Amino acid sequence: MTNTDEPSWDEIFRPAGGEPARPQTPPTPEPDVGAYPGVRASDPFAVAAAEAGSQSQRAAAEAGSQSQRAAAGGDETMTRRQLRELEEQQAQRGGRGGGRPPSDNLAKPKKRRRWLVVAIVIAAVLIGGGGAAAFAWINYEDKVRELLGWELSNDYPGEGNGTEAIVTIASGDLGDDVARKLRDAKVTLSFDATWEYLLEREAAGDPVVFFPGSFRLQEEMSAASAIAAVTDPANQLVNQVLITEGMSYPAALDQIAAATEIPIEELQAAAEDYTSFGVPAEAPNLEGWMFPATYQFDPGVTAQQAIQVTVDEMFARLDALGVAPEGRLDILKMAALVQREAGSSEDMPKIARVFYNRLAQDMLLESDATVAYGTGNTDTVWTTADERENPDNLYSTYVHPGLPYGPIGLPGEEAIKAAISPADGPWLFFVPINLQTGETVFSETASEHQAAAEQLYAWCRASDENASYCE
């Protein structure tokens with residue numbers, strides 16, 4: 001049931017030329033902005049836009065027909081831009097399965113037509129005056145700032161605002177993973193600020209090395225201070241372990257080792273005898289059975305004791321939700337799948353329904369998350385065609401029917417609830433169209449799913465930061 005008629009990422013990321021040089025912008029005298037409350041005098045384009053907006057309003061009051069024609073002209077410009085993008089999308093194919101589309105040979109997006117768009121917008125501002133300036137500022141503020149050198153800072157200036165934020169670094173996390181985690185935890189202002197700082201350190205011959213563990217930071221830190229804090233052992237939580245939803249059990253063992261004095265080898269050896277913790281023998285390993293939560297361990301805790309605490313917590317949660325012991329494994333298989341595929345907890349019941357609907361119709365689940373897990377890539381859900389079609393991968397739901405061979409991560413309570421009580425609905429497909437926010441589109445037909453998949457491809461191409469999610 002795989003779809004072989006898919007776009008390659010070479011098609012999606014088409015070659016493009018380099019960027020034009022940034023023009024030199026002459027200094028602009030600061031205008032009087034007393035009439036425009038909330039507009040910063042130091043921001044010349046914001047002032048210009050405010051003046052333009054005021055002029056546009058006066059012009060509209062005096063000549064309604066001219067205002068209508070100006071608005072029509074703005075719509076026509078946007079329509080041309082949308083048509084160009086639509087032509088690109090129609091030249092592509094793809095989309096499949098119960099989850100997100102595949103990503104073969106994904107490359108970083110090139111900065112392409114935006115410079116042409118911005119150049120046209122700037123010309124419209126210079127020629128068209130008030131209405132054009134207001135339109136340009138509202139729709140292209142970030143690109144206009146970049147072109148003219150009036151960009152706002154992408155970094156906080158200080159060392160935090162006093163509000164605590166806990167950030168967990170998992171084993172194998174790289175710089176882009178850490179940059180996203182810091183931004184998502186509201187520690188740093190942007191992904192780019194941290195990523196650029198890490199690149200500068202590497203170029204200077206002083207690369208940053210990360211170690212697994214949970215670190216106590218603050219919100220609104222500069223990229224430099226955040227990196228210094230997250231690599232300072234003094235900020236690491238000692239004997240306190242945060243196991244996060246969706247984490248794999250080997251990564252959870254790394255977290256326990258990092259926060260305690262238990263050697264990782266002892267934890268790994270204990271985990272091999274997973275039935276000693278009460279996990280059923282038909283489960284392939286300990287995956288799925290350690291409940292994700294924050295644990296405080298006493299000094300001197302052993303590997304067996306630490307793992308048992310997390311498994312007992314999972315048993316207690318399943319019992320409280322009415323899951324019989326004989327039904328635990330199947331519920332955890334579905335819950336872990338939902339946890340890995342969901343962009344938000346609100347979507348979890350709908351995602352569970354998609355997979356249950358596919359099972360009811362004897363359809364393959366076709367989840368890339370299961371394939372990736374079977375290859376050992378627990379930090380991604382993007383796969384290749386060879387990986388999806390490999391029958392030796394027992395976790396590939398593209399070739400093996402039914403639920404996955406085993407859980408593919410540690411599900412949290414919301415995912416477990418979704419597996420127990422899925423939403424009502426006819427959907428057979430879903431795809432996230434924004435991997436940063438988790439926004440997801442659910443579809444009943446393959447054609448609807450294809451259209452949604454094109455939105456994801458476009459999002460991945462939109463920026464380097466977006467592309468880092470699409471690997």
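D173 is a buried residue, with a relative accessible area of 16%. Here "buried" stands for under 20% relative accessible area, "exposed" for over 50% and "partly exposed" for the range in between, with a 1.4 Å probe and protein chains only. The side chain of D173 meets that of K181 in a salt bridge, at 2.4 Å from N to O. K181 is partly exposed, at 27% relative accessibility. A salt bridge here is a side-chain nitrogen of Lys or Arg within 4 Å of a carboxyl oxygen of Asp or Glu.

A word on what you are looking at: this is a predicted model, in which local features need pLDDT of at least 70 and side-chain atom pairs count only at pLDDT 80 or more, while totals for chains, interfaces and linings use all residues. Residues are numbered from 1 along each chain as its sequence is written, and side-chain values use heavy atoms, with hydrogens and water left out.

**The chain as a whole**

The protein chain holds 18 helices and six strands. These are DSSP runs, numbered from the N terminus: helices are H or I with at least four residues, strands are E with at least two. Of the 471 residues, 47% are buried. The accessible surface comes to about 22,500 Å², and carbon and sulfur atoms account for 50% of that; the areas come from the Shrake-Rupley method with a 1.4 Å probe, and for residues only the protein chains shown count as cover. Taking contacts (heavy atoms within 4.5 Å) between residues at least 6 apart in sequence, 69% join residues at least 24 apart.

**Salt bridges**

Side chains of opposite charge can pair when their charged atoms come close. The whole structure has 13 salt bridges by this search.

| Pair | Closest N to O distance |
|---|---|
| R216 and E164 | 2.7 Å |
| D368 and R388 | 3.8 Å |

Let's take R216 and E164, whose closest N and O atoms are 2.7 Å apart. R216 sits in strand β2 and E164 in strand β1 (residues 164-169), so this bridge ties together parts that are 52 residues apart in sequence. R216 is partly exposed at 38% relative accessible area, and E164 is partly exposed at 49%.

D368 and R388 make another bridge, at 3.8 Å. This one links distant parts of the chain, with D368 in helix α14 (residues 368-374) and R388 in helix α15 (residues 385-388), 20 residues apart. D368 is buried at 0% relative accessibility, and R388 is buried at 1%.

**Helix α6 and its surroundings**

Helix α6 (residues 175-184) is largely enclosed by the rest of the structure, because eight of its ten residues are buried. Among them are G175, V178, A179 and L182, along with the charged D176, D177, R180 and R183. The buried residues of α6 pack against β1, α7, β2, α8 and α18. After α6 comes K186, whose phi is positive, near 65°.

**Backbone angles and a loop contact**

Two loop residues also have positive phi. E220 is a residue other than glycine with phi near 60°, and its loop runs between β2 (213-218) and α8 (223-230). E220 is partly exposed, at 36% relative accessibility. N239, not a glycine either, has a positive phi of about 60°; its loop joins α8 and β3 (240-242). N239 is buried at 16% relative accessibility.

M363 belongs to the loop between α13 (348-360) and α14 and is buried, with a relative accessible area of 14%. From M363 to P401 is 38 residues in sequence, but the C-alpha atoms are 7.5 Å apart in space.

D192, E196, E200 and D464 form a negative surface patch. Patches are made of residues with over 30% relative accessible area and no salt bridge, with like charges joined within 9 Å and nonpolar side chains (Val, Leu, Ile, Met, Phe, Trp, Tyr) within 5 Å. Lys and Arg count as positive, Asp and Glu as negative, with His and the chain ends not counted; each charge is placed at NZ of Lys, CZ of Arg, CG of Asp or CD of Glu. Helix α7 (residues 191-203) gives the largest share of the patch, three residues. D464 lies in helix α18 (residues 464-469) and is partly exposed at 40% relative accessibility.
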